[in-house]
Amino acid sequence: QVQLVESGGGLVQAGGSLRLSCAASGKIFSINDMGWYRQAPGKQRELVASITSGGSTNYADSVKGRFTISRDNAKNMVYLQMNSLKPEDTTVYYCNAQVLARQPVRSLEVWGQGTLVTVSS
């Protein structure tokens with residue numbers, strides 16, 4: 001069993017900052033790509049930011065220059081630093097990871113339960 005748990009969401013004023021964290025746990029051999037997604041009610045889930053095991057990053061145009069994704073491989077964690085937040089950023093954010101699990105060895109795509117970010121105007 002492998003799971004992801006997000007934390008760090010909350011209420012913040014426009015222009016403020018939040019730092020989201022995602023911790024992976026379980027019988028993990030390695031983690032390849034990790035990413036943050038968001039999905040507002042009634043809308044498609046969209047990729048916010050992703051990061052490879054080697055540290056290469058990718059960002060949605062809407063967050064480029066404001067958000068920064070990073071990871072700590074030793075801790076099996078990924079982070080999303082969100083600055084200059086806008087009301088349009090309000091939604092649930094989900095952590096995603098491509099995991100090579102062990103016992104038995106298998107490849108898994110794992111999602112967290114989500115953490116709510118609310119940005120007030």
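Visitor: What is the relative accessible area of C95?

Guide: The model under discussion is a predicted one. A residue counts as buried when its relative accessible area is under 20%. C95 is buried, because its relative accessible area is 0%.

Visitor: With which residue does C95 form a disulfide?

Guide: The criterion is a pair of cysteine sulfur atoms within 2.5 Å, and by this rule the count comes to one disulfide. The two sulfur atoms concerned are 2.1 Å apart. The partner that forms the disulfide with C95 is C22.

Visitor: How many residues apart in sequence are the parts that this pair ties together?

Guide: A disulfide is a covalent bond between the sulfur atoms of two cysteines. C22 lies in strand 3, whereas C95 lies in strand 9, residues 91-101. The pair therefore ties together parts whose separation in sequence is 73 residues.

Visitor: Is the disulfide of C22 and C95 left-handed or right-handed?

Guide: The handedness follows from the torsion about the S-S bond. For C22 and C95 this torsion is about -85°, so the disulfide is left-handed.

Visitor: Is C22 buried or exposed?

Guide: The threshold for burial is a relative accessible area under 20%. The relative accessibility of C22 is 0%, so the residue counts as buried.

Visitor: Which residue stands opposite C22 of strand 3?

Guide: Strand 3 comprises residues 18-26 and runs antiparallel to strand 1, to which six bridges join it. Opposite C22 stands E6.

Visitor: Which residue of strand 8 stands opposite S21?

Guide: Strand 3 and strand 8 pair in the antiparallel sense over six bridges. In strand 8, the residue that stands opposite S21 is Y79.

Visitor: Which residue of strand 8 stands opposite T68?

Guide: Strand 7 and strand 8 pair in the antiparallel sense, over six bridges. T68 stands opposite a residue of strand 8, namely Q81.

Visitor: How many of the six residues of strand 8 are buried?

Guide: Burial again means under 20% relative accessible area. Strand 8 is largely enclosed by the rest of the structure, because the number of its six residues that are buried is five.

Visitor: Which residue in the turn of the hairpin of strand 7 and strand 8 has a positive phi?

Guide: The hairpin has four residues between its two strands. The residue in question lies in the loop between strand 7 and strand 8 and is not a glycine, although its phi is about 55°.

Visitor: With the side chain of which residue does the side chain of N73 make a polar contact?

Guide: N73 is found in the loop between strand 7 and strand 8 (77-82), and its relative accessible area of 43% makes it partly exposed. Its C-alpha atom is separated by 8.1 Å from that of I31, a residue 42 residues away along the chain. At 2.7 Å, the side chain of N73 makes a polar contact with the side chain of R71.

Visitor: What is the positive phi of S84?

Guide: S84 has its place in the loop between strand 8 and strand 9. With a relative accessible area of 42%, S84 is partly exposed. S84 is not a glycine, yet its phi is positive, at about 50°.

Visitor: How far from the centre of the ring of W111 is the charged end of R45?

Guide: A charge sits over a ring if it is within 6 Å of the ring centre and within 35 degrees of the ring normal. The charged end of R45 sits over the ring of Y94, 4.3 Å from its centre. The charged end of R45 also sits over the ring of W111, where the distance from the centre is 4.5 Å.

Visitor: To which residue does the cis peptide bond from Q103 run?

Guide: This peptide bond has omega near 0°. The residue that it reaches is found in the loop between strand 9 and strand 10 (106-111). The cis bond runs from Q103 to P104.

Terms used. Residues are numbered from 1 along each chain as its sequence is written. This is a predicted model: local features need pLDDT of at least 70, side-chain atom pairs count only at pLDDT 80 or more; totals for chains, interfaces and linings use all residues. Side-chain values use heavy atoms; hydrogens and water are left out. Two strands pair if DSSP finds at least two bridges between them. Buried means under 20% relative accessible area, exposed over 50%, partly exposed in between (1.4 Å probe, protein chains only). A polar contact is a pair of N or O atoms within 3.5 Å; within protein, one must be able to donate a hydrogen and the other to accept it, and residues adjacent in sequence count only if both atoms are side-chain atoms.
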